[in-house]
Amino acid sequence: MIELFQFPWSPFCLPQQRILEFSGAPFKLINVLPQERSIVWKLTKQQYYGVPILRDGKKNIFEAGDDSQVVAKYLDAKLKLNLFPIELEGVQTILWRHIENEVEGATFRLNDIYYQENYRRAKMPAADELQYLRFKERKFGRGCVDQWRAQKTNGARKNPIG
Ligand SMILES: N[C@@H](CCC(=O)N[C@@H](CS)C(=O)NCC(=O)O)C(=O)O
């Protein structure tokens, strides 16, 4: 059975989960603690510590670069989903890097506003929340999560449809 190693609220991981759900294939989700990735490091033979990664039998699948889509394309080919139609390959190559950087980056920040609730919901140890906050603040600056929370509706439609 395919196993997806992930953070449950990561916009880099959620699409892989949705692809698996869409496919109808049996799969298992394994939540990796953001501060403790030794399982990922071991499975990738010390080549990668990010998530998501896949384990499929003896194969471990992980990204090759910031803009690669190794995991999604592996699932697409294995499960015969045709998510990357050949006639759209050019457009997809142009658009993908923006989705990868801007869309997934911004949505990650929006999900991180709820990191404490997310830890609880995923039954991840509450004691690790501090390390998560520290990691975010070292990357994005002190108070970043509070700032994202305060700014979360900026740019949102005043009268959202639906
Ligand atoms: N381009 C990769 C990016 C994956 C990525 O950035 N994952 C984050 C967490 S969801 C990560 O593990 N970053 C390394 C770190 O946190 O040190 C993908 O789409 O899978």
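This is a predicted model: local features need pLDDT of at least 70, side-chain atom pairs count only at pLDDT 80 or more; totals for chains, interfaces and linings use all residues.
Trainee: Let us start with the ligand. Which residues surround the ligand?

Mentor: The shell is F7, S10, F12, C13, G50, V51, P52, E63, D66 and E100. Five are nonpolar, two are polar and three are charged.

Trainee: Next, the core. Which residues of the largest nonpolar core touch the most other members?

Mentor: Begin with the general idea. In soluble globular proteins, nonpolar side chains tend to be buried together. Now this case. The largest nonpolar core has 17 residues. F5, V40, V51, I53, L54 and V71 touch the most other members. At least two residues of this core come from each of β1 (2-6), α2 (38-43), β3 (53-56) and α3 (70-79).

Trainee: What does V71 touch, beyond residues up to four places away in sequence?

Mentor: Leaving those out, V71 touches Q16, P52, L54, I61, F62 and E63.

Trainee: Now helices. How do I read α4?

Mentor: General idea: an α-helix has 3.6 residues a turn, so residues three or four places apart point the same way. Then check the span. Helix α4 covers residues 89-112, 24 residues in total. From its first C-alpha to its last, α4 reaches 32 Å, close to the 34 Å expected. Look for a bend too. α4 has a kink of about 35 degrees, centred on I99.

Trainee: Why does α4 lie largely in the open?

Mentor: Of its 24 residues, the number buried is zero, so α4 lies largely in the open. Take two cases. H98 lies in α4 and counts as exposed because it has 11 C-beta neighbours inside 10 Å. N111 also lies in α4. N111 is partly exposed, with 17 other C-beta atoms within 10 Å.

Trainee: What does N111 touch, not counting residues up to four places away in sequence?

Mentor: W9, P11 and N118. Look at P11. N111 and P11 are 100 residues apart in sequence, yet 8.3 Å apart in space, C-alpha to C-alpha. H98 and G141 are 43 residues apart in sequence and 23 Å apart in space, again C-alpha to C-alpha.

Trainee: One last feature. Where is K80, and what is its phi?

Mentor: K80 is in the loop between α3 and α4. Its phi is near 50 degrees, a positive value in a residue other than glycine. K80 is exposed, with 7 other C-beta atoms within 10 Å. N82 is found in the loop between α3 and α4. N82 has a positive phi of about 55 degrees, although it is not a glycine. N82 is exposed, with 9 other C-beta atoms within 10 Å.

Terms used: Residues are numbered from 1 along each chain as its sequence is written. A residue is near a molecule or strand if its C-beta atom, placed from the backbone, lies within 6 Å of it. Ala, Val, Leu, Ile, Met, Phe, Trp, Tyr, Cys and Pro count as nonpolar, Asp, Glu, Lys and Arg as charged, and the others, Gly among them, as polar. A nonpolar core is a set of buried Ala, Val, Leu, Ile, Met, Phe, Trp, Tyr and Cys residues joined through C-beta atoms within 7 Å. A residue is buried if 20 or more other C-beta atoms lie within 10 Å of its own, exposed if 12 or fewer, and partly exposed in between; C-beta atoms are placed from the backbone. Helices (H or I, at least four residues) and strands (E, at least two) are DSSP runs, numbered from the N terminus. Two residues are in contact if their C-beta atoms, placed from the backbone, lie within 7 Å. The expected span of a helix is 1.5 Å times one less than its number of residues. The bend at a residue is the angle between axes fitted to the seven residues ending there and the seven starting there.
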